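Me: I would like to go through some structural labels and ask what stands behind each of them. Please set each value against its cut-off.

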Amino acid sequence: MSSSSVPAPDGSERAARAGAGAAPGPGAALVVGMHESGGEAAAAALVGLGLSPPLDAVPGAAARSRALSAACDRLLSRLDRAFDDPPELAGADPGPGEVLRAGGRLEQVLPAGRPCCLEEPLLCLLLPFWRAALDRPLAAVLTVRHPLAVAGSLERRHGTSTVSALALWERYYRQALAGLDGLPVLVCLDEDLLERPAEWRKETAAFLCETGLLRDVPDDEGADQALAPPGRREGAGSSGDASLLLEPTRDLYDRLVSLRGPHPRFEQPALGGESEWAAGHLRLRHDLGVLWSAVRRLGDVPTKEPARRPGSPPAYPPDAAEDAAAYHDWLAARGEPTRLAAGGGLPPRSRRRHGDRPRFSVVTPVSRSRPSRLERSVTSVLTQDEESFELLLVDDGTADPLSEGHLRMIESLDDRVSLRSASGGMAAAANGALSSARGEWVLLLGGDDELAAGALRRLSEVAEDHPSAELIYSDEDAVDDEGRRFAPAFKPDWSPDLLLSTDYMGHLLTLRRRLVAQLGGLRAGLDGAEAYDLVLRATERLHADQIVHVPEVLYHRREPPGSPADARAGSGAGAAGRRALEDAVGRRGIEAEVVAHPLVGGGYHVVRRPTGSWRVSAVVPYRDEPALLAACYRALADRSGHDDLELLLVDNNSVLDETKAVVRELTRDRRVRHLEAPGAFNWARINNEAAAEATGDMLLFLNNDVEARAPGWLAHLLAQAEREEVGAVGARLVFADGSLQHGGVGVGLCFATVHLQSGLPAGRPGYLAAPSLTRDVSAVTGACMMTRREVFESAGGFDAGLPVAYNDIDYCLRLRREGLLVVYSALAELVHHESKTRGNTTAPELSGFQGRWREVLLAGDPYYNPNLGRFDWFCRLPQPEEEERWESFLAMLDASSTS
């Protein structure tokens, strides 16, 4: 990059687009302001006033686009800068190509045809770039908070020193004032948002109307609460000794206060150059950072995790559902449209008759569907290239009488379409239609949703390839009213425990008609969860080979942009889904309580209770680390929720006197036994020998660096491990900050195995909420694994030929080979100080593990969708070069197997 200034908003890039005949999009409001300055609250209020959020909005931040944040970080990185090391005021020229690429990618996550709102603190530094990149009329809301208040927040929340925070505050606002020149701008103080929200809202609505972003001022006053909810944060004004402010900083703040209010065309005030103290401090920070990077590269000096941007989400990559731009790239690479064709009305009338029995009976409720959406849904069926179907439109009697003529017109389009009406609720109406259905398969299609092109043909092929199949489901994605596709749900294969946590099958749900008839159709009284209840009842009758998952997007569910990603984990949400699940638990004779998941829409915890009288032997190998050992003891002795327990402490070469003292104290507890395991560390051998000494009929293998976060965790493991069909159970392990350490192990990924979604921040459910839900997995970590003694002995225990790594995964895969399930219990949560005692050494065992389980690695993990990346752990879409890397991996495995 050159050191020239960023292109002006009327530069060659925008002119090039205009010359190519591209019409500018609808307007956008940019919320600009330093971190911790009220930007998120202002953005939430703008969305409440009627502006649309980006499709990839960060949870909890109404208008923070993941694509915009990632692009800003990338631009700063190309300048060797970061959020806390901002570039000089001159900026840099990224070139026209970068402008066009960035603008195009961001447009993919902005709602089409509607004014939108974007909030991002780094806009302060990069406004000229985004003014050139965004081909939309722009206006801005500049939020300002007292510099000492900002510094106090940054210090408390992110450890930023007061001096550095004040220097950053000056540079951010000086750059923002320069970048806003010529735009319509509303300058507001943070206390405006907190102390007079109603007045601020009216003033802001009037400003948006004047700029054309709103047509009229909304009457709803509910947005006021977004500005000043109870306890939002500490006050907006100064927090600290005002004498700490140097004159340049105080003068800049005073000037910003004087600019409060609307500016139809903002004029940059004459401020002079940046203060010498701020420029010098930031220059010194930058130079020290460069020096430290050089030292680190030369000496391989370990460093702390890089600081996270203040006010931003944790530094965790977006997954496949969150990264709309990456999904569009993925679709384009496969020749699929990123946007479904706009609704152009129903297809022409066609009198097609089929004397033979149709293959598919498509059942579609129409009562609660908008006419335009229903037309798109019907069209998606009538234009299928598989013509052997019937379309049953189901009206439960609640449809608008004015729509009856429209429905009759749709019915007349094609002899394969028929309208069935009945009273008594949707289940009764649908069952009436099902009783007259003639298809071999029944397919449930929502009246707002659409079938993918070729969906019926693909289902027909799958049915022929799997003649024993009784239930088929596919992957799906979301589509907005403009037809833009986003939030793909790439699902696992059949997972009975996941189905007891959420309706993960969702759509496209297809069942044999005879099976539906045997089940008695849909059950009444489960409004919104009829399909979930049907699947629960159906799978109780089926074997695993009768349930087929098609890992292709064959269904588009209608969904408004910005809806919570966790709600996509399953349908059948709310009380009706819970009733359906409670009935299933009762039918299966499971001793459990069903509770709604606190984080996952449509998710549930089936809280099982152990039914047997089990003695649990916990095996804990250790080498010194007395504090960790004591915490591990407390996790078992005080917080496990189980009384019949023995704890085997297995010493492998401890030398500290403190360790011996702790062990002497712990062995006062009659439940604690002390064993010696001298010699070279071999985790598998140590645990095998200890298991032979154990007296319990249930074995718990536990690392010494594990401690309890909540009571009762052991009971949750025990209730799963006692199930006859289960071979091993693992816990949800988190780091001390609450982020995920273990949520199940995927195989055939990252060249062998990986902890899926490890590092996921606390409070985030994860992709399809998988780490938050109890489910079946290919393997769990031996850091906390429970298994029945009879299973362990039958399998021959752990393989001592894998002394440090992969011995736990190898054990789980051997159990799965015998047809047993491996279950991840999301309810059993523990803190894991990963590898505190010995570090993390895995290389020696890798090649042997790859050779032993070559076929399993090649086949892929049945609980991890093949459309997701093979070389990542956070469930994102594959990178462009991934196929080449995968082919190289296959070649390596082939070479190792023949050598």
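Reply: The axes of helix H7 (residues 162–179) and helix H11 (residues 247–258) come within 11 Å and cross at roughly 40 degrees. This is a predicted model, in which local features need pLDDT of at least 70 and side-chain atom pairs count only at pLDDT 80 or more, while totals for chains, interfaces and linings use all residues. Residues are numbered from 1 along each chain as its sequence is written, and side-chain values use heavy atoms, with hydrogens and water left out.

Me: Why is H7 called oblique to H11?

Reply: Angles under 35 degrees count as roughly parallel, over 145 as roughly antiparallel, 65 to 115 as roughly perpendicular, and the rest as oblique. The axes of H7 and H11 cross at roughly 40 degrees, so H7 is oblique to H11. Axes here are lines fitted to C-alpha atoms, for helices over the stretch in contact, with angles running from 0 to 180 degrees between N-to-C directions. The crossing of H7 and H11 is left-handed, a term for the near helix being turned anticlockwise from the far one by less than a right angle (right-handed if clockwise).

Me: Which residues make the contact between H7 and H11?

Reply: Trp169, Glu170, Tyr173, Arg174 and Leu177 of H7 meet Thr249, Leu252, Tyr253 and Leu256 of H11. Contact means heavy atoms within 4.5 Å.

Me: What makes H3 roughly perpendicular to H5?

Reply: The axes of helix H3 (residues 66–78) and helix H5 (residues 123–133) cross at roughly 90 degrees and come within 11 Å. That angle makes H3 roughly perpendicular to H5. On the H3 side, Leu68, Ala71, Cys72, Leu75 and Leu76 take part, and they meet Leu123, Leu125, Leu126, Phe129 and Trp130 in H5.

Me: What do the names H and E stand for?

Reply: Helices (H or I, at least four residues) and strands (E, at least two) are DSSP runs, numbered from the N terminus.

Me: Why is Gly179 counted as buried?

Reply: Buried means under 20% relative accessible area, exposed over 50%, and partly exposed in between (1.4 Å probe, protein chains only). Gly179 has 4% relative accessibility, so it counts as buried. Gly179 is placed in helix H7, where 15 of the 18 residues are buried. Leaving aside neighbours within four places in sequence, Gly179 is in contact with Leu127, Pro128 and Arg131.

Me: How do you know that H14 is largely enclosed by the rest of the structure?

Reply: Of the 12 residues of H14, 10 are buried, so the helix is largely enclosed. Among the buried ones are Arg373, Leu374 and Glu375. The cover over them includes strand E6 (360–365), strand E7 (389–395) and helix H15 (404–411).

Me: How does the span of H14 compare with the expected one?

Reply: H14 (residues 371–382) reaches 16 Å from its first C-alpha to its last, close to the 16 Å expected at 1.5 Å a residue. The expected span is 1.5 Å times one less than the number of residues. H7 reaches 26 Å, close to its expected 26 Å.

Me: Why is the pair Asp192 and Arg196 called a salt bridge?

Reply: A salt bridge is a side-chain nitrogen of Lys or Arg within 4 Å of a carboxyl oxygen of Asp or Glu. For Asp192 and Arg196 the closest N and O atoms are 3.3 Å apart, and the pair meets the definition. Asp192 is buried at 4% relative accessible area, whereas Arg196 is partly exposed at 26%.

Me: What does the salt bridge of Glu440 and Arg359 tie together?

Reply: The closest N and O atoms of Glu440 and Arg359 are 3.7 Å apart. Glu440 lies in the loop between helix H16 (426–436) and strand E9 (441–444) and Arg359 in the loop between helix H13 (324–333) and E6, so the pair ties together parts 81 residues apart in sequence. Glu440 is partly exposed at 27%, and Arg359 is buried at 17%.
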